Amino acid sequence: MAIIVLFEGRPGGEAGPGVAEPAVVAVHAAGSDPDVPEDPLPATLCGRDTVPMEHAHYRRTAPGQPWCPPEFAAQRCPECAWALREL
């Protein structure tokens with residue numbers, strides 16, 4: 001299963017690597033939609049709705065790299081991280 005990385009943002013805040021102070025509350029993972037691989041499934045691996053989340057457009061480039069952008073490691077969702085270990 002391909003993984004889509006999503007930013008859960010604070011209401012009214014912008015998220016992403018190009019923003020000086022991103023308002024990211026958490027970084028989540030979701031499976032990709034089989035019909036549209038760039039779109040996430042309706043729920044993250046921890047069960048949250050993906051509609052209000054922003055696509056991080058992050059992909060690890062080598063095995064062993066973290067599943068979320070390193071600069072957002074502190075905001076990584078522990079439930080999504082746990083679910084990814086089980087895959």
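Arg59 is partly exposed in the predicted model, with a relative accessible area of 48%. This arginine takes part in a salt bridge with Glu38, in which the closest N and O atoms are 2.3 Å apart. Because Glu38 belongs to the loop between E2 and E3 while Arg59 belongs to the loop between E3 and H1, the pair ties together parts that are 21 residues apart in sequence. Glu38 is likewise partly exposed, its relative accessible area being 39%. In general, side chains of opposite charge can pair when their charged atoms come close.

The count of salt bridges in the model comes to two. Besides the pair of Glu38 and Arg59, a salt bridge is formed between Arg48 and Glu8, with the closest N and O atoms 3.6 Å apart. This pair links distant parts of the chain, since Arg48 is located in the loop between E2 and E3 and Glu8 in strand E1, 40 residues apart. Arg48 is partly exposed, and a relative accessible area of 44% was computed for this residue.

The secondary structure of the protein consists of one helix and three strands, which follow the pattern β-β-β-α when read along the sequence. The strands form an open sheet with the order E2-E1-E3 and antiparallel pairing. Strands E2 and E3 (54–55) are the edge strands, each pairing on one side only. Between the antiparallel strands E1 and E2 there are seven bridges. Within this pairing, Ile3 stands opposite Gly31 in E2.

Helix H1 comprises residues 78–86, and its buried residues are Cys80, Ala81, Ala83 and Leu84. These residues lie on the same side of H1, because the arc they cover around the axis is only 160 degrees. An α-helix has 3.6 residues a turn, so residues three or four places apart point the same way. The exposed residues Pro78, Glu79, Trp82, Arg85 and Glu86 are carried by the face of H1 that is turned away from its buried side. The cover over the buried residues of the helix includes strand E1 (3–9) and strand E2 (24–31).

Apart from its neighbours within four places in sequence, Cys80 is in contact with His28, Ala29, Thr44, Leu45, Cys46 and Trp67. Both Cys80 and Trp67 are among the residues with the most contacts inside the largest nonpolar core, together with Val5, Phe7 and Val27. This core has 15 residues, and E1, E2 and H1 each supply at least two of its residues. In soluble globular proteins, nonpolar side chains tend to be buried together.

For the protein as a whole, buried residues make up 37% of the 87 residues. Among contacts with a separation of 6 or more, 50% are accounted for by residues 24 or more positions apart.

Terms used:
Residues are numbered from 1 along each chain as its sequence is written. This is a predicted model: local features need pLDDT of at least 70, side-chain atom pairs count only at pLDDT 80 or more; totals for chains, interfaces and linings use all residues. Side-chain values use heavy atoms; hydrogens and water are left out. Buried means under 20% relative accessible area, exposed over 50%, partly exposed in between (1.4 Å probe, protein chains only). Helices (H or I, at least four residues) and strands (E, at least two) are DSSP runs, numbered from the N terminus. The arc is that of the directions from the helix axis to the C-beta atoms. Contact means heavy atoms within 4.5 Å. Two strands pair if DSSP finds at least two bridges between them. A salt bridge is a side-chain nitrogen of Lys or Arg within 4 Å of a carboxyl oxygen of Asp or Glu. A nonpolar core is a set of buried Ala, Val, Leu, Ile, Met, Phe, Trp, Tyr and Cys residues joined through side-chain atoms within 4.5 Å.
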